[in-house]
Amino acid sequence: MSQTLTPPSPAAPAAAGAPARRGRTPRRRGWIAAFFLLPALILLGALVVYPIVWSAIRSLFGPDGFTDFVGLSNYTGVFTDHQTLVALKNNAIWVVVAPVVATGLGLIFAVLTERIRWGTAFKLVVFMPMAISMLAAGIIFRLVYDQDPGKGVANAVVTGVHDTFFKASAYPGAHPRVAGAGSGTLAGPVGGPYTSKPVSPGGGPAALALVGVQPTTLTDATQAASPSACPQGSLCGTVWLDFQPGGGTPGKIDRGEKALADIRVEAVRGGRVVATATAAKDGTFALPASRIGASPVQLRLPATNFTSQYAGVNWLGPTLVTWSIIGAYVWMWTGFAMVLIAAGLAGIPRELLEAARVDGAREWQVFRRITVPLLAPVLGVVLVTLVINVLKIFDLVYVIAPGASEQDANVLALQLYLSSFGGGNDQGTGSALAVLLLALVAPVMFLNIKRFRKEKSR
């Protein structure tokens, strides 16, 4: 018997009352995504898009508001104003120096911390400044760069090193008491006063009186004394502070007048130093007869006795203020660069490094030819991020730079603030500066976004 093949019966219909399942259309999914993105888009529009549009429109009007249309005059003024040109120059210095130094130090620290025992602790210490706000860091470095070595750490170190190799003068600012009153008195400018007339050996003690010495330098000084008798053929005398509260006889040692110990005295003949001596604790000195001979000489107190104390470096002066602030920025952001580079370094296959060492490559060659090329994407991200950051730098410059050198440290963000709110009261120029700053930041930002997309597509 032949069998007849019957086609399979269709699927049974869905149970009564059960809704049919239908997939979401792309259009419906788009509406759902837009619904969840709407709050973020509203916030982004209010905080980013609206200020950009408003600033672009406001830059076309003068300081009196939207009733004073000036067109592109604000942009013309920006590129002809001296303060803005200084700010552009300083921004260029910031962009070239700060990101490169911070990235370079971050790379060095990231590589070296892999080789030391306490690498994690070191990374923590270097990264710690990132936890400090720009305002707090500015206050810290304003104190670090203080001109007074008693307050500023930088100048305390500099003056300490300087005074180690160059001995400070004993009595800065001292000068002669009397000029031309006799053969033993001093005449001439500070830094090398001579006796007013030549002095002959055996002619009696020379009285070398000085004034202008700070009382704080003489707290341990003793009473000045006149030599009892000069050795045969020698030349002697006293160097002292010729000042007595309530009066005294000029050119003579009065009771209570202090000796100036350790002052160097030189005997000069024909422009050549023939003998030297150092004042004793009571201010007396003696030049040996064997050195000076019998001919008259002039006594001189050399300039090293009176030079002012070394005051350190004027870190916040017009010359160094920008570089000093860049130093503070590098201190803060080196930790950021180090952490990102260290993360990239951890992803480098160790087999490549070991293979290079086995092939005889030195550590510098491994670092230059393998480590740095493999870290190039990370270094690019760090460098571009820091460039965007320094283009907008404001806080450190505003806090650290004193009023006297604020214009020398000026940057675009600070000039924007000064033009709009800091006394300029010209929001048209300020808005033009804001648009200019956006135009400078946007290409670097787009470059960073393009790099991120390229890395994501790999």
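I looked up the charges first: the 37 positive and 23 negative charges of the protein have mean positions 12 Å apart. I note that this is a predicted model.

Next I checked the surface. The protein exposes about 26600 Å², and carbon and sulfur atoms supply 64% of that area. I then looked up burial, and found that buried residues account for 36% of the 458 residues.

I turned to secondary structure and counted 14 helices and 9 strands in the protein. For the extents, I took the C-alpha trace along its principal axes, where the span is about 160 × 75 × 40 Å.

I also looked at contacts between residues at least 6 apart in sequence. Of these, 68% join residues at least 24 apart.

I found 4 strands forming an open sheet, in the order β1-β4-β5-β8, with mixed pairing. The edge strands are β1, residues 175-176, and β8, residues 284-287, and each pairs on one side only. I reminded myself that strands of a sheet pair through backbone hydrogen bonds, either parallel or antiparallel. Which sense applies to β5 and β8? I found that β5, residues 235-241, pairs with β8 in the antiparallel sense over 4 bridges. For Leu235, I recorded Leu287 as the bridge partner in β8.

How values were computed:
Residues numbered from 1 in each chain as written. Predicted model: local features only at pLDDT ≥ 70, side-chain atom pairs only at ≥ 80, totals over all residues. Heavy atoms only, no water. Pairing = 2+ DSSP bridges. Helix = DSSP H or I, 4+ residues; strand = E, 2+ residues; numbered from the N terminus. Buried < 20%, exposed > 50% of the residue type's maximum accessible area, 1.4 Å probe, protein only. Contact = heavy atoms within 4.5 Å. Areas by Shrake-Rupley, 256 points an atom, 1.4 Å probe, with all protein chains shown as cover. Lys, Arg positive; Asp, Glu negative; His and termini not counted. Charge placed at Lys NZ, Arg CZ, Asp CG, Glu CD.
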